[in-house]
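Please prepare a briefing on the predicted model shown here.

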Amino acid sequence: MMVRTDNRAVNDVRPLQVQWRYLTQQPASVLWQRGITKIMVAAYWQTKAAGLVVTGTGLTAGQIDWLQAALLPLVSAEALTQQQLVVTITTLENDGGQLAEAFNATIGALQLLPDTLLDQQVPCAVSVGVMADQTTLVDLTLAEEEIAISQMTMVATAQEQVGALTLSGQPVDSSLFNELILRASQGCTRTTAQFQASFQQAVQPVMAAGIPDVGTIVIATKNPGKAREFEAVFAKAGLKVKTLLDYPELPEIDETGQTFEANARLKADQIAAILKLPVLADDSGLMVDALDGRPGIYSARFAGDHNDAGNNAKLLFELTGVPTEKRTATFHSTLAFAKPDRPNEDLVVEGNVAGRILGIPRGDNGFGYDPLFYVPELDASMAELSLAQKNQVSHRARAIANLEPVWRDWLAD
Ligand SMILES: O=P(O)(O)OP(=O)(O)OP(=O)(O)OC[C@H]1O[C@@H](n2cnc3c(O)ncnc32)[C@H](O)[C@@H]1O
Ligand SMILES: [Mg+2]
């Protein structure tokens, strides 16, 4: 029997080391090391497009296509019609098994993105090869790959269900092929055990301790316009956003506070107490100088009920005859981030943007008072901006920017 370059048995895989959440700003990221093969993968959802996008450095276009095809059946097709899943793979060092480990590292990263992998047996990939003396090996080193006469990368579950596979080199006869499949499925069982051991040791205790999975952020809002803005901003950081629209059973929170901060804290504290999760809330509104700061904290119900058209009509009516230069206004957002049952420790930030109330509405993007809020620097109403543009300049975007440098430390406390 042939001696392997690192003295392993023919059916033995190399040790696996995973650094979960490897990148600070990308929660769904891993550094994956099989022997000295090192691959880094980060994954996130973004709202402005759909489908699955895999990009990689150190991999061929053919390998990326293969990965894309192997990953696609594992992710909800419906989710992919609404959002885009982006996977970036970087090979830092290749000592064999690059394609298999790129797949495995991606599965690792996707495990850190809530609600991404379909609920099924999670597969893994293994490389196997045939050597000149017809020995079959699992998890080849680069030196072994260079002298192998045939090679195969296979995706399988620990239950021995084979998914994608790719063969290269000399054709193999059927008995050799069967042997390769057997080797690969043994390698898979071993790899899955390594993978789970690492995950259970490093990631699950964190989740079980009630420390939130930093991959998802819950926002206490029922306003779909706000939800879209938060999703777009947080997706960039690799975070998924859930809102009260995802929890229809939760009670209505009465906004009885006298300030934006009080209302934001009410919403965040109460929902955090119910969900037992950290919750972010936004209380926002429009302050019009000519109306002595009204509607302010009453912006949502300015016209009596929560109706954007009614609110805008009332605003125009109250400003009838007020000249352009006196129609100045400020959009304000206060964000409160709350941990379950620790209302005294809320993290509170705010953001403002200055503008002017138009005489007639302009644009159909955004929500609320956006069509009447003119931003002089951009010579556009908020409703004429794309979601991405609004998220560069809005009061909410500025508040989120103030939150960005502090919330992870606050959450870890
Ligand atoms: O309380 P939640 O469920 O978050 O949703 P809401 O719409 O009731 O939100 P608020 O209580 O904070 O009320 C804010 C109102 O201010 C207006 N508003 C806030 N941000 C806005 C924005 O970015 N563009 C346009 N109008 C905005 C809009 O009318 C909102 O309904
Ligand atoms: Mg409200």
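The briefing below starts with the chain as a whole and then goes topic by topic.

This is a predicted model, in which local features need pLDDT of at least 70, side-chain atom pairs count only at pLDDT 80 or more, and totals for chains, interfaces and linings use all residues. Residues are numbered from 1 along each chain as its sequence is written, while chains are lettered from A and ligands numbered from 1 in the order in which they are written. The protein chain has twelve helices and 16 strands; helices (H or I, at least four residues) and strands (E, at least two) are DSSP runs, numbered from the N terminus.

**Chain totals**
- Of the 413 residues in the protein chain, 40% are buried. A residue is buried if 20 or more other C-beta atoms lie within 10 Å of its own, exposed if 12 or fewer, and partly exposed in between, with C-beta atoms placed from the backbone.
- Among contacts in the protein chain with a separation of 6 or more, 63% are between residues 24 or more positions apart. Two residues are in contact if their C-beta atoms, placed from the backbone, lie within 7 Å.

**Shell around ligand 1**
- Ligand 1 is surrounded by 21 residues, of which Thr 221, Asn 223, Ser 299, Ala 300 and Gly 368 are the closest. A residue is near a molecule if its C-beta atom, placed from the backbone, lies within 6 Å of it.
- Five residues of the shell come from strand E12 (residues 279-288), which gives the most.
- By type, the shell has five nonpolar, nine polar and seven charged residues. Here Ala, Val, Leu, Ile, Met, Phe, Trp, Tyr, Cys and Pro count as nonpolar, Asp, Glu, Lys and Arg as charged, and the others, Gly among them, as polar.

**Annotated residues**
- An unreviewed UniProt entry places the feature "binding site" at Asp 254 and Asp 283. These two span 30 residues in sequence, yet no two of their C-alpha atoms are more than 12.2 Å apart, so they gather at one spot.
- The annotation "active site" in UniProt (unreviewed entry) covers Asp 283. UniProt positions are given in the numbering used here, feature names are shortened, and annotations may be inferred rather than shown by experiment.
- Asp 254 lies in the loop between strand E11 (240-243) and helix H8 (260-275), and it counts as exposed with 10 C-beta neighbours inside 10 Å.
- Asp 283 sits in strand E12 and is buried, with 27 other C-beta atoms within 10 Å.
- Not counting residues up to four places away in sequence, Asp 283 touches Phe 260, Asn 263, Ala 264, Lys 267 and Thr 334.

**Nonpolar cores**
- The largest nonpolar core has 51 residues, and Val 41, Ala 43, Phe 103, Ala 109, Val 126 and Ala 184 touch the most other members. Helix H3 (residues 98-111) gives the most to this core, with eight residues.
- Apart from this core lies another, of 28 residues, including Phe 230, Leu 239, Ile 297 and Ala 338. A nonpolar core is a set of buried Ala, Val, Leu, Ile, Met, Phe, Trp, Tyr and Cys residues joined through C-beta atoms within 7 Å.
- Val 126 touches Ala 100, Val 138, Asp 139, Met 154, Ala 184, Gly 187, Cys 188 and Thr 191, leaving out residues up to four places away in sequence.

**Strand pairing**
- Strands E13 (residues 328-338) and E14 (residues 347-357) run antiparallel and are joined by ten bridges; two strands pair if DSSP finds at least two bridges between them.
- Phe 331 has Val 353 in E14 as its bridge partner.
- E14 also pairs with strand E15 (residues 373-375) in the antiparallel sense, over two bridges, and the bridge partner of Ile 357 in E15 is Phe 373.

**Backbone exceptions**
- Most residues other than glycine have a negative phi, and most peptide bonds are trans.
- The peptide bond from Arg 294 to Pro 295 is cis, with omega near -5 degrees. Pro 295 is in the loop between E12 and helix H9 (308-318).
- Arg 21, in the loop between strand E1 (16-20) and strand E2 (29-34), has a positive phi near 50 degrees. Arg 21 is buried, with 20 other C-beta atoms within 10 Å.
- Asp 139 has a positive phi of about 55 degrees and lies in the loop between strand E7 (136-138) and helix H4 (142-147). Asp 139 counts as buried, with 29 C-beta neighbours inside 10 Å.
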